[in-house]
Amino acid sequence: MTAAINPLRSPGDRRLPRVPEPCALVVFSVTGDLARKKLIPAVYDLANRGLLPPGFVLLGFARRDWGDGDFEQVARTAAQKGARTEWRESTWRRLEDAIKFLPGSFDDDAAFDTLAQTLTDLDATHGTGGNAAFYLSIPPTAFPVVLKQMQRTGMAEDVVGAGGAWRRVVVEKPFGHDLASSRELNRLVDDVFTAASVFRIDHYLGKETVQNLLALRFANTLFEPIWNSHFVDSVQITMAEDVGIGSRAGFYEETGAARDVLQNHLLQLLALTAMEEPVGFDAESLRTEKKKVLGALTPPKDLARYAVRGQYDQGWLAGQRVVGYRSEEGVDPASRTETYAAVRLEVETRRWAGVPFYLRTGKRLPRRVTEIAVLFHKAPILPFSKTDTEELGANQLVVRVQPDEGVTLRFGSKVPGTTMEVRDVSMDFQYGEAFTEASPEAYERLLLDVLVGDASLFPTNEEVEQSWRVIDPIEQHWQDGGEPHLYRSGEWGPKAADEMLAADGRTWRRP
Ligand code: BG6
């Protein structure tokens, strides 16, 4: 029997390359880290793969005394450094003429008037059709002024009628600081742009392995029947980084690990792990299912036990001595900002009732690894001797998001020999071995989605608000008292995080 494919569920053949209509991509704060490390290389990779239309322009906006040529040089270096695809001078030469720069600050009316006019002119000079996507890679405090400028100049509005043009906006996280400020931010954005033209980016959703979670769950028969509380004991979602905060003290001091990663990347991973099957992979259907999970999430009832924060102390990493967070440049020596957060959440649905979801993230941990581990109940009876099963753990299915992309299944197997000793073994699927195709970088995939107008991988404002609803009480609890637990750089977080699991009779997986 073949699987039924509902034509309504498969909108178009996704194997065909999606090439956007002619357009301009306007990047605000184009001199920042994100633009240099991710956005410009992603534009180059798209061009290199032939996925940009002929009438494409990259327009940088920043407070620099630069001309087009200066920006082109900076962009070239950034692309050469950060691109995933091979360097081709011919690709860059085609792109070169499409790289423009506009100097200006956010409160500079004249600069925004020029920008609005430039968008119209680019249609005549480069054939952009007047279409434009604005990438707001700007500090949260700059949102109101930039949005007001866009509204004042009318550049946020789609051009209707014959020869109409679209306008879209990409909003980078953090979406606000808490529920109240994210509501305010959403209100501001919705005042200026229509809901369909707002793309809130969470780059984790652009990762190949994160999308594979959907394939794993919904393209196979094997996993879905056991994907519930009858079989699953608990879920552990880990996003560990070995790096410290680098030069981002200003941002990080205001943000901390829970707002930086837990509120967005980890809750989105949780939503994809726990959601019901969507009726299709269009934006509406996917977002509906994720929203239901986020709406059913409850903050930990016992915050003192189930919300642990930590801060890295000095230590050793990869043979190098590294300083503690409070000694990082730009950090308050008495800072209470957390660089590690671990929480236990529950999804109050029939499928997941009673299954704890443990989430943790931290900087300066032993290595960079992101994974979703589904841990299954132990067998109710083991017809083996106790010594034969001493090294048998719980069955686990681990989606390895990065860097060693793939899936691992862990289960017990007989140790060769004359006894019935059973020990855990792993069965591995590795992306690098199974496929010859290389994964695009998350930003490349998501930028393309913005330009073709596909919003499926972008969270809605309701999802963002639901996530803050869960995080706010945790932040409040931490703010009300105490200090973060210190952990040595190069170790797996503070002891309190281990105690949190020990209290439930469990331990963290060592990824
Ligand atoms: C960002 C956070 O969203 O994700 C950073 O702001 C973090 O603090 C980064 O380092 C990690 O992204 P990735 O794709 O390297 O796991």
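**Note on the predicted fold: contacts, core, strands and backbone exceptions**

1. In the protein chain, residues 24 or more positions apart account for 78% of the contacts that have a separation of 6 or more. The model is a predicted one, and the points below should be read with that in mind.

2. As to overall make-up, the protein chain holds 14 helices and 17 strands. Its radius of gyration is 24 Å, close to the 24 Å that the globule rule gives for 511 residues, so the chain is as compact as a globular protein of that length. The C-alpha trace spans about 80 × 65 × 40 Å along the principal axes.

3. The largest nonpolar core has 151 residues, and the members that touch the most other members are Phe28, Leu115, Phe134, Leu270 and Leu359. Helix α8, which covers residues 249-274, gives the most to this core, with 13 residues. The core draws at least three residues from each of domain 1 (23-172) and domain 2 (205-502).

4. Leu270 deserves a separate look, as one of the core residues that touch the most other members. When its neighbours within four places in sequence are left aside, Leu270 is in contact with Ile237, Val293, Leu297, Leu345, Val347, Phe357 and Leu359. Of these partners, Leu359 is itself listed among the core residues with the most contacts to other members.

5. Thr298 is found in strand β8, which runs over residues 297-298. With a relative accessible area of 16%, Thr298 falls under the 20% limit and therefore counts as buried. Apart from neighbours within four places in sequence, Thr298 is in contact with Leu345, Glu346 and Glu348; Leu345 is also a contact of Leu270.

6. Strands β14 (residues 396-402) and β15 (residues 406-414) pair in the antiparallel sense over 5 bridges, and they form a hairpin with 3 residues between them. Within this pairing, Leu397 stands opposite Leu409 in β15. The loop between β14 and β15 contains Pro403, and the peptide bond from Gln402 to Pro403 is cis, with omega near 0°.

7. Another cis peptide bond joins Lys173 to Pro174, with omega near -5°. Pro174 has its place in the loop between β5 (167-172) and α6 (179-192).

8. Two residues with positive phi may be checked together. Ser29 has phi near 55°, a positive value in a residue other than glycine, and lies in the loop between β1 (23-28) and α1 (33-48). Arg364, although not a glycine, has a positive phi of about 60° and is found in the loop between β12 (356-362) and β13 (369-376). Ser29 counts as buried at 18% relative accessibility, and Arg364 is likewise buried, with a relative accessible area of 13%.

Notes
Residues numbered from 1 in each chain as written. Predicted model: local features only at pLDDT ≥ 70, side-chain atom pairs only at ≥ 80, totals over all residues. Heavy atoms only, no water. Pairing = 2+ DSSP bridges. Helix = DSSP H or I, 4+ residues; strand = E, 2+ residues; numbered from the N terminus. Core = buried A, V, L, I, M, F, W, Y, C linked by side-chain atoms within 4.5 Å. Buried < 20%, exposed > 50% of the residue type's maximum accessible area, 1.4 Å probe, protein only. Domains from an automatic or database assignment. Contact = heavy atoms within 4.5 Å. Rg over C-alpha atoms; globule rule 2.2 N^0.38 Å.
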